[in-house]
Amino acid sequence: MPTTVGRRMDRLVPLQRATRGIDRRTVVRTGVVAAVAYSAWLAIGAFGRPYNFFDMKIYHGAVVWWASGNELYDFIAPSTTLGFTYPPFAALAMLPMSWLPVDAAGGLNALASIAALAVVLAALLRPIVDRLGWSLWFTVGIATPLAVAIEPSRETLGYGQVNLLLFALIMADLVGLRWRARRGTHHETADSALARFVYSGAWAGVGIGLATAVKLTPALFLAYLVITRQWRAALTAVGTTIGVTIATFGLVGAESRTYFTDVLWQTERVGAADMTANQSLAGLLARLYDSIETPGLLWLAFAVLMLALGLSRAVSARADGDELTAFTLVGLTANVISPISWSHHLVWVIPAIIVLADAAVRRREASRGLLPRGTGTPPATGVPALRPPIWYPTLTGLRHGVGALGLYLLFLISPIWPYEHQLPEVSHYQDGLFGALMENSLAVALIVLVAALPWRPGAEPAFYHDRLTRAAQPAGRR
């Protein structure tokens with residue numbers, strides 16, 4: 001009997017030691033996450049601007065004004081010339097804010113936006129951490145405060161904007177497309193009809209449709225879905241946009257008519273094109289010409305060029321099996337060609353940084369013979385064809401890693417604000433060519449990303465199942 005008890009105790013000792021090790025590791029990781037979050041808070045204080053929910057005050061004031069029986073688009077925020085510029089569907093979605101104090105509405109919006117960003121990062125980083133064997137919660141715990149600290153996120157939260165929520169809606173469709181590509185692996189074994197529907201990804205397109213109904217710029221994703229012949233998602237997105245808009249007409253017809261016939265075309269409602277915060281191509285050209293207005297024909301010519309370049313590269317990225325990079329290129333292109341892209345609109349640099357960092361890691365792995373040749377995934381036969389190691393593996397992927405770090409630091413420091421100028425009082429060339437470059441640095445970065453963001457062949461194909469099925473067929477049957 002003592003022998004049996006002794007054996008059991010011997011078995012429990014290693015288990016207890018392992019448990020203590022796991023607990024210690026968890027405590028250390030939690031401390032690291034807390035330290036990163038605190039560092040991000042300090043960075044926001046150092047590089048951010050004073051925030052007081054400026055835009056949220058406009059939204060909140062507009063819906064309170066509207067709920068009091070006044071015309072929505074007649075509202076002008078006190079001490080400003082600014083009013084409500086979103087479609088009426090967005091006003092309906094924001095209407096519950098009228099029941100709350102403005103600071104409470106801004107705080108809830110910030111919490112919801114951070115939560116949405118964390119969920120998006122978990123979805124985007126999951127394939128990467130699974131491949132590398134990292135902890136998902138630890139990686140997301142570090143990535144979330146780092147992402148919150150950069151210009152688009154901190155401006156969105158500080159001003160009470162909705163960009164991170166719209167970003168999450170669009171990224172939800174990316175997840176839906178990913179699940180559709182892996183049909184048969186999850187949804188057929190789900191316990192309920194609702195779970196089977198969710199895992200089937202049949203709803204992909206709803207997020208883009210809702211985002212387009214709130215803000216018109218996500219409509220470029222509709223064009224991308226059509227060009228890439230993702231017909232089901234495209235029809236779902238278009239149907240959602242049209243359905244929501246028609247329903248809004250039925251509920252608030254007067255506001256809908258005012259918006260689409262009048263407010264939509266009043267571009268001056270949102271501010272002058274040359275304002276430093278406008279980091280689109282139009283803003284860049286206006287500042288280069290030192291003019292309040294953008295040179296129209298020149299902007300149109302370059303905008304068409306950037307549109308063709310961005311969409312063609314997105315199509316190529318998808319054809320090579322990288323849907324995340326394709327979505328990122330479409331989002332970046334929308335930022336570039338939009339007449340107004342405030343710095344808080346530029347949330348698409350977040351997945352761009354992820355793509356660059358993962359490209360660096362994948363190239364390093366490939367140089368060491370750890371990744372299959374070509375697509376980065378095992379071929380249909382299941383036998384990986386490994387790359388032979390190269391002589392200088394430490395340099396492989398260096399430019400992509402430097403690009404990811406440089407892009408992050410650029411949007412963390414955001415050098416546009418020390419060189420902010422306002423016409424006609426101060427010329428945009430007041431601080432010379434260097435000052436002009438700094439004031440336009442984010443816009444230049446967006447254009448470079450559209451032209452040069454790499455994609456990762458085979459990393460996240462949204463047609464993985466069909467592709468492998470065709471690859472496994474004899475040549476004569478394809």
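The buried residues of helix α10 pack against α7 (163-181), α9 (206-214), α11 (231-251), α14 and α15 (323-337), where buried means under 20% relative accessible area, exposed over 50% and partly exposed in between, for a 1.4 Å probe and protein chains only. Helix α10 spans residues 219-227, and its buried residues are Leu220, Phe221, Leu222, Tyr224 and Leu225. After α10 comes Arg229, which has a positive phi near 60 degrees. Helices (H or I, at least four residues) and strands (E, at least two) are DSSP runs, numbered from the N terminus.

The structure is a predicted model, in which local features need pLDDT of at least 70, side-chain atom pairs count only at pLDDT 80 or more, and totals for chains, interfaces and linings use all residues. Residues are numbered from 1 along each chain as its sequence is written, and side-chain values use heavy atoms, with hydrogens and water left out.

The protein contains 20 helices and zero strands. It has 478 residues, of which 47% count as buried. Among contacts with a separation of 6 or more, 73% come from residues 24 or more positions apart; contact means heavy atoms within 4.5 Å.

Two packed helices are described by the angle between their axes and the distance between the axes. Axes here are lines fitted to C-alpha atoms, for helices over the stretch in contact, and angles run from 0 to 180 degrees between N-to-C directions. The axes of α14 and α15 come within 8 Å and cross at roughly 175 degrees. That angle makes α14 roughly antiparallel to α15; angles under 35 degrees count as roughly parallel, over 145 as roughly antiparallel, 65 to 115 as roughly perpendicular and the rest as oblique. On the α14 side, the residues that meet α15 include Trp299, Ala303, Met306, Leu307 and Gly310, and on the α15 side they include Glu323, Thr325, Ala326, Leu329 and Val330. By class, the contact of α14 with α15 has 12 nonpolar, three polar and three charged residues. Ala, Val, Leu, Ile, Met, Phe, Trp, Tyr, Cys and Pro count as nonpolar, Asp, Glu, Lys and Arg as charged, and the others, Gly among them, as polar.

Glu323 belongs to helix α15. With a relative accessible area of 1%, Glu323 is buried. When residues up to four places away in sequence are not counted, Glu323 touches Leu174, Leu177, Tyr224, Gln230, Arg318, Glu460 and Ala462.

Helix α14 (residues 296-319) also packs with helix α13 (residues 281-288), at an angle of about 145 degrees and with the axes 10 Å apart. The crossing of α13 past α14 is right-handed; a crossing is left-handed if the near helix is turned anticlockwise from the far one by less than a right angle, and right-handed if clockwise. Leu281, Ala282 and Leu285 of α13 make this contact with Leu298, Trp299, Phe302, Ala303 and Met306 of α14. The contact of α13 with α14 consists of eight nonpolar residues, with no polar and no charged ones. In the loop between α13 and α14 lies Asp290. Asp290 is not a glycine, yet its phi is positive, about 55 degrees. Its relative accessible area of 28% makes Asp290 partly exposed.

A further pair is formed by helix α2 (residues 54-67) and helix α4 (residues 102-132), whose axes come within 10 Å and cross at roughly 120 degrees. The two helices α2 and α4 are therefore oblique to each other. Here too, α2 passes α4 in a right-handed crossing. Met56, Lys57 and His60 of α2 are in contact with Val102, Ala105, Gly106 and Asn109 of α4. These residues of the contact of α2 with α4 comprise three nonpolar, three polar and one charged.

Phe53 is located in the loop between α1 (2-47) and α2. Its phi is positive, about 60 degrees, although Phe53 is not a glycine. Phe53 is buried, at a relative accessible area of 19%. Within helix α1 is Ala40, which counts as buried at 7% relative accessibility. The C-alpha atoms of Ala40 and Ile150 are separated by 8.7 Å, although the two residues are 110 residues apart along the chain. Ala40 touches Pro145 and Ala149, not counting residues up to four places away in sequence.

The peptide bond from Leu423 to Pro424 is cis, with omega near 0 degrees. Pro424 is part of the loop between α17 (398-413) and α18 (432-439).
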